[in-house]
Amino acid sequence: MLNRLAGNPTNLNMTTLATDPEGYLINLDDWSTEAANTLAHSAGIELTEAHWEVLFLLREFYTEYGISPATRPFVKAVALKLGKEKGNSMYLMTLFSESPAKLAAKLAGLPKPTNCL
């Protein structure tokens, strides 16, 4: 299932996750919690429960709308589902660095948000 090479391959238990040059999964069906942990490790992050609730929320958002949200809709979606204390840029930056929408989408196995540089 994960034996394809492209872009920047990322190792996952002796197999390879096919990623584009920016590290986003090429095949969204390759995503799993194990894949997310591997991608997070590559980014220097250890996923916590706080990360997981945002990642699963993003995957639900993608299923419903068919897009990875840019920063503003991302923050708004988090606020609506997880509350205002978590739905703000500062909180999300503590979890996902200076570009939360991009990194969270990558770890959630989703495409890069279209209007993120």
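Q: What is the expected span of a helix?
A: The expected span is 1.5 Å times one less than the number of residues. Helices are DSSP runs of H or I with at least four residues, and strands are runs of E with at least two, numbered from the N terminus. This is a predicted model: local features need pLDDT of at least 70, side-chain atom pairs count only at pLDDT 80 or more, and totals for chains, interfaces and linings use all residues. Residues are numbered from 1 along each chain as its sequence is written, and side-chain values use heavy atoms, without hydrogens and water.

Q: How does the reach of helix H3 compare with what is expected?
A: H3 (residues 71-82) has 12 residues. From first C-alpha to last it reaches 16 Å, close to the 16 Å expected.

Q: Which residues of H3 are called buried?
A: Buried means under 20% relative accessible area, exposed over 50%, partly exposed in between (1.4 Å probe, protein chains only). Phe-74, Val-75, Ala-77 and Val-78 are the buried residues of H3.

Q: Why do the buried residues of H3 line one face?
A: Seen down the axis of H3, they fall within an arc of 160 degrees, so they line one face of the helix. The arc is taken over directions from the helix axis to the C-beta atoms. On the other side, Arg-72, Lys-76 and Leu-80 are exposed.

Q: What do the buried residues of H3 pack against?
A: They pack against helices H2 (49-65), H4 (89-96) and H5 (100-107). Contact means heavy atoms within 4.5 Å.

Q: Which element has the highest mean pLDDT?
A: pLDDT is the predictor's confidence in each residue, from 0 to 100. H2 has the highest mean, 97. Strand E1 (residues 10-12) has the lowest, 52.
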